[in-house]
Structure formats: structure tokens, C-alpha cells
Amino acid sequence: MTKSIYKVGDHSSSPYDPAMTDLVIYKTFAQGVASAEAFPAIVVKTLPDDFCDLTVFTNTGVRHIRRVKYSADPESSNCWHWPPK
């Protein structure tokens with residue numbers, strides 16, 4: 001669902017409100033890896049200011065990560081963003 005208040009041009013502002021069970025992408029930098037890795041994730045809880053609790057499916061297993069911020073910035077880490085259309 002489109003947000004009523006969206007800060008255009010702000011990488012930390014999501015254009016849509018996340019909802020429980022939405023599929024998103026979680027990005028993180030692994031130790032010793034030069035670029036961010038992206039993993040599929042499911043929103044399990046929504047929080048104010050575009051933060052979410054996620055269940056992330058990594059190469060080494062399932063992780064449950066709390067209070068993850070939204071960021072569309074390609075240089076960000078430990079954040080979630082919407083998958084490409």
C-alpha cells in the first residue's frame with residue numbers, strides 16, 4: 001500500500017507501507033566480502049519509521065533479525081528494501 005507521507009529522494013523513506021508476510025530483500029556485508037549480499041526475507045512485524053522484524057533466508061540457514069531499517073541506498077548494509085518489479 002502506498003504511504004501517505006513519503007519523502008521523495010530520501011533513501012531511508014519507503015514509498016510503501018510494509019505489512020506482515022511481505023517479501024523483501026535484506027542486505028548485509030559479510031566478513032571479508034567487498035560487496036553487500038542480498039537475501040530474501042519475510043516481514044514478521046512492522047514497526048514505526050519503516051523498521052521491520054524479518055525472517056531472513058541466508059546461505060547458512062534462517063535468521064530472525066529484529067528492528068531492521070529500510071534503505072534504498074545501494075551502499076547500505078543491515079537494511080531491507082523492496083524487490084525489483
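Predicted model: local features only at pLDDT ≥ 70, side-chain atom pairs only at ≥ 80, totals over all residues.
**Strands and rings**

Me: Strand E3 (residues 51-58) and strand E4 (residues 61-70) run antiparallel and are joined by seven bridges. What makes these two strands a pair?

Reply: Two strands pair if DSSP finds at least two bridges between them, and E3 and E4 have seven, so they pair. Residues are numbered from 1 along each chain as its sequence is written, and side-chain values use heavy atoms, leaving out hydrogens and water.

Me: What do the strands build, and how many helices are there?

Reply: The five strands form a closed barrel in the order E1-E2-E3-E4-E5, with mixed pairing. The chain has zero helices (helices are DSSP runs of H or I with at least four residues, strands runs of E with at least two, numbered from the N terminus).

Me: Why is the pair of Tyr-70 and Trp-80 called edge-to-face?

Reply: Rings of Phe, Tyr and Trp (its six-membered ring) pair if their centres lie within 6.5 Å; planes under 30 degrees apart count as stacked, over 60 as edge-to-face and the rest as tilted. The centres of Tyr-70 and Trp-80 are 4.8 Å apart and their planes stand at 70°, so the pair is edge-to-face. Tyr-70 lies in strand E4 and Trp-80 in strand E5, so the pair ties together parts ten residues apart in sequence.

Me: Are these two residues buried or exposed, and how do you know?

Reply: Buried means under 20% relative accessible area, exposed over 50%, partly exposed in between (1.4 Å probe, protein chains only). Tyr-70 has 7% and Trp-80 has 0%, so both are buried. Buried residues make up 33% of the 85 residues in the chain.

Me: What makes Arg-67 sit over the ring of Phe-51?

Reply: The rule asks for NZ of Lys or CZ of Arg within 6 Å of the ring centre and within 35 degrees of the ring normal. Arg-67 is at 4.3 Å from the ring centre and lies over the face of Phe-51, so the charge sits over the ring.
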